[in-house]
Amino acid sequence: MIGAHVIVGYTNDAGGSDALALGSAITRVTGGELTVATIYPPGSPGLAVEAQANLAHAAEELGPVTAEYITYESRGSGRGLSVVASRIRADLIVVGSASGGAPGRIAIGATSDHLLHLSSEAVMLAPAGYLPPTEPARLTLAYVHRPQCDAAVGQVAQAALRLGVPLRLITLDLRTEDQGKLRDDLALAVRLAWEKTGIEAESEVAEGHDVAAALRDVEWLEGELLVCAASEDAQPHRVFLGELAMKVLRASACPVTVLPRGFS
């Protein structure tokens with residue numbers, strides 16, 4: 001299950017604090033390991049010292065929570081996090097929202113953009129100002145009838161079963177497709193979740209003239225986690241988000257996890 005080893009991409013700002021709180025909450029639930037990493041550019045001893053100071057600040061924020069702290073030199077934060085995650089065999093990279101975004105929403109910066117297009121590990125993004133609850137409330141999978149999402153149904157159902165939370169499958173009706181077909185596809189996905197795990201998934205069609213309106217059309221619980229599968233265009237064992245999934249991510253008010261293609 002995702003969360004056996006979580007790495008948080010930490011920066012000494014609001015987004016870094018959000019990611020740290022979320023990563024810590026995930027490992028508290030899963031019992032997994034927590035690593036906090038700060039990436040700094042090469043050729044700058046001053047920034048290397050600052051990176052160490054940032055980790056000291058992160059340790060103060062975490063308090064008694066057990067974690068490993070790593071600084072790593074790289075030309076890009078996203079690239080550096082990917083390298084460190086691979087070396088320590090983390091299965092989830094958690095990052096915060098870029099500065100300047102709307103409160104309660106996810107803004108994509110250079111680090112998250114790199115991870116959402118090239119990461120080998122699952123990527124979780126925290127909305128700006130997000131305060132994780134003590135326990136997760138529900139897992140929701142953004143479902144489209146295609147192989148990557150069908151594979152994700154079983155994976156997310158297994159995670160919901162282990163966490164002891166409900167599973168919901170939602171699909172978006174942007175008034176461009178036959179809703180009857182969308183509901184038929186959802187029914188097949190619900191059956192797939194049952195066949196894989198015995199879990200009875202909820203299902204909803206979210207309607208709206210655009211993605212943001214559709215997501216507002218359905219209820220979101222405190223402690224909800226939204227999961228998206230990688231695009232069919234993703235390389236094997238890599239994350240790659242398509243245009244629609246990227247819009248879902250930006251409109252979400254809860255943390256979003258993106259699975260690599262072929263994740264198991």
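In helix 1 (residues 14–30), the buried residues are Gly15, Gly16, Asp18, Ala19, Leu20, Leu22, Gly23, Ser24, Ala25, Ile26 and Thr27, where buried denotes under 20% relative accessible area, exposed over 50% and partly exposed the range in between (1.4 Å probe, protein chains only). Helices (H or I, at least four residues) and strands (E, at least two) are DSSP runs, numbered from the N terminus. The model is a predicted one, in which local features need pLDDT of at least 70 and side-chain atom pairs count only at pLDDT 80 or more, while totals for chains, interfaces and linings use all residues. Residues are numbered from 1 along each chain as its sequence is written, and side-chain values use heavy atoms, with hydrogens and water left out.

The cover over the buried residues of helix 1 includes strand 1, strand 2, helix 2, strand 4, strand 5 (122–125) and strand 9 (224–229); contact is defined as heavy atoms within 4.5 Å. The end C-alpha atoms of helix 1 are 25 Å apart, in agreement with the 24 Å that its 17 residues should span at 1.5 Å a residue. The expected span is 1.5 Å times one less than the number of residues in the helix.

Arginine 89 follows helix 3 and is found in the loop between helix 3 and strand 4. Its phi is near 60 degrees, a positive value in a residue other than glycine. Most residues other than glycine have a negative phi. Arginine 89 is exposed, with a relative accessible area of 73%.

Valine 49, in helix 2 (residues 45–62), also counts as exposed because its relative accessibility is 59%. Its C-alpha atom is separated by 38 Å from that of glutamate 222, which is 173 residues apart from it along the chain.

The largest nonpolar core has 42 residues, and those with the most contacts inside it are Val36, Leu92, Val94, Leu139 and Leu167. A nonpolar core is a set of buried Ala, Val, Leu, Ile, Met, Phe, Trp, Tyr and Cys residues joined through side-chain atoms within 4.5 Å. Helix 5 (residues 147–163) gives the most to this core, with seven residues. Apart from this core lies another, of 32 residues, including Leu81, Ala90, Leu125 and Leu215. When residues up to four places away in sequence are not counted, leucine 167 touches Leu139, Val156, Ala157, Ala160, Ala193, Ile199, Ala201 and Glu202.

Arginine 168 lies over the face of tryptophan 220, at 4.6 Å from the ring centre; the criterion is NZ of Lys or CZ of Arg within 6 Å of the ring centre and within 35 degrees of the ring normal.

Overall, the secondary structure comes to eight helices and 10 strands. The radius of gyration is 18 Å, close to the 18 Å given by the globule rule for 264 residues, so the protein is as compact as a globular protein of that length. This radius is taken over C-alpha atoms, and the rule is 2.2 Å times the number of residues to the power 0.38. Of the 264 residues, 49% count as buried. Among contacts with a separation of 6 or more, 74% are accounted for by residues 24 or more positions apart.
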